[in-house]
Amino acid sequence: MRRTNWFVLQLPFLANLAFFPILCLQEVDDVVKDVLTTAKAAELLGVSTRTAQLWVESGQLPSWKTPGGHRRIPRQAVLDLVETPDHSDPLVRAHAIILAGEGRGEQWRLVGLPALGLLVDVADTTDTARAWLTAIPPMLIIVENADQDDRRKLVSSLERDARLSKTTIITSAVRNAADPVAAGTNLIRTKMLPDVLSTAEMIVDYLLSKRGGKKEPAAFRTPWNEHARLEAVAQSGLIGSAPDLGFDRLVRLAAHSTCAPIAMFTLITENEQWFKSRVGFAGDATPREWAFCNETLVANELTVLEDLTRLDNLAENPTLSAPYGFRFYAGAPVRDPLGFILGSICVIDVVPRHLREVEREAMMTIADAASNLIRNRVLEHELQDFRGSGH
């Protein structure tokens, strides 16, 4: 049996990358000369065209767009997917898929799952959830009204799916016990409370209390997926890497767009905040307990701290005193291709202030651009490895 090539396994979300269509098509053609349409790929895989499209969108099938906007897939990638052996350590992405109870979808989209470090996708129907689960598995699945027939069947199939060995599955039903109960290695049963906010808070509190690994440091909070997030930071290859003009430009843009004297692209390791790029600040790194970006990791979204002196948890932070005198922070998450937060694009000021809406939008856009740049670097390296392997 032929091993699945490295290129196929290590390029999740390839089809979603905005930069991919502008790659040199000749370079791609040099690497893979035999290409398929999505319909032809679906035929070889024995699945519907819609399922093949989902695999393309999730990155399980690498692809690119022609100048005319048509999606093309390497034939070898399809053949490799057919013959993929069972992997003991499957990939997971920093997502939660929630199959919401009837009429609760919009509430879940508003409430989310703060402090878990996950991007949240909310499905209103079993068919939608099943379709999403054909992609790279998420770290967390929540099924509400799990006692209904169609959802009970879905849960049963999830429990048997070897791909989900690293995925936590939570089933929620009105008739379940009041407190969450572990029902297996990665299966949890909990009560479905009348309002979504209470249900989400109960789930978050339980997961944070049961997470493995080291005890959370007293100096700062960490997200639920911190262990996997730290692995993603290490695997990114960015720590200690050479200066990069692309990131430098984005950091300067963050400073200019918010009129901030200090701007950084930070990477947060277990014990350190390392600056991939910075303006207005001397030094390559600080201890992690100094990092305001810890707040961004937990919030999992743009985080604005308008007056740092008003936050009790930052009262002992040395950067609030001379010679720094920091008073304001805003940071937006920078993610890897699987959605894990590596750090943030952030700005700092020495006076309390707030961000206007246009500045907030600029920060989020710049952080997204940094995430895309990281994906671009991953793609370039994988294409080089794929070409070097003789394909």
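## Overall picture

Of the 391 residues in the protein, buried residues make up 50%, and the chain contains 13 helices and 15 strands. When contacts between residues at least 6 apart in sequence are considered, 65% of them join residues at least 24 apart.

The confidence of the prediction should be kept in mind while reading on. The mean pLDDT is 85, and 82% of the residues reach 70 or more. Over residues 1–32, however, pLDDT stays under 50, although the model has 81 contacts beyond four places in sequence for this stretch.

## A sheet of three strands

Three strands, in the order S1-S3-S2, form an open sheet with antiparallel pairing. Strand S1 (35–36) and strand S2 (64–65) each have a single partner strand and stand at the edges, so one side of each is left without a neighbour in the sheet. Between S1 and strand S3 (residues 71–74) the antiparallel pairing runs over 2 bridges, and leucine 36 of the chain stands opposite isoleucine 73 in S3.

Threonine 38 belongs to helix H3 (residues 38–45). Why does threonine 38 count as buried? Its relative accessibility is 14%, and buried means under 20%, so threonine 38 falls within that class.

In soluble globular proteins, nonpolar side chains tend to be buried together. The largest nonpolar core of this protein has 57 residues, and those with the most contacts inside it are Trp108, Leu113, Leu140, Leu207, Phe265 and Ile345. Apart from this core lies another, of 18 residues, which includes Phe275, Cys293, Leu320 and Cys346.

Which residues of helix H10 (residues 226–236) are buried? They are Glu226, Ala228, Arg229, Ala232 and Val233. These residues are on the same side of H10, because they cover an arc of only 160° around the axis. On the other side of H10, His227, Ala234 and Gln235 are exposed.

The buried residues of H10 are covered by elements that include strand S6 (138–144), strand S10 (262–268), helix H12 (293–299) and strand S15 (341–349). After H10 comes glycine 237, whose phi is positive, near 75°.

## Tryptophan 274 in strand S11

Tryptophan 274 lies in strand S11 (residues 272–279) and is buried, with a relative accessible area of 13%. Leaving aside neighbours within four places in sequence, tryptophan 274 is in contact with residues that include Leu238, Ile239, Gly240 and Ser241, as well as Phe265, Thr266 and Leu267, and also Asp284 and Ala285.

How far apart in space are tryptophan 274 and glycine 343, which are 69 residues apart in sequence? From C-alpha to C-alpha, tryptophan 274 and glycine 343 are 9.1 Å apart.

Note on methods: Residues are numbered from 1 along each chain as its sequence is written. This is a predicted model: local features need pLDDT of at least 70, side-chain atom pairs count only at pLDDT 80 or more; totals for chains, interfaces and linings use all residues. Side-chain values use heavy atoms; hydrogens and water are left out. Helices (H or I, at least four residues) and strands (E, at least two) are DSSP runs, numbered from the N terminus. Buried means under 20% relative accessible area, exposed over 50%, partly exposed in between (1.4 Å probe, protein chains only). A nonpolar core is a set of buried Ala, Val, Leu, Ile, Met, Phe, Trp, Tyr and Cys residues joined through side-chain atoms within 4.5 Å. The arc is that of the directions from the helix axis to the C-beta atoms. Contact means heavy atoms within 4.5 Å. pLDDT is the predictor's confidence in each residue, from 0 to 100. Two strands pair if DSSP finds at least two bridges between them.
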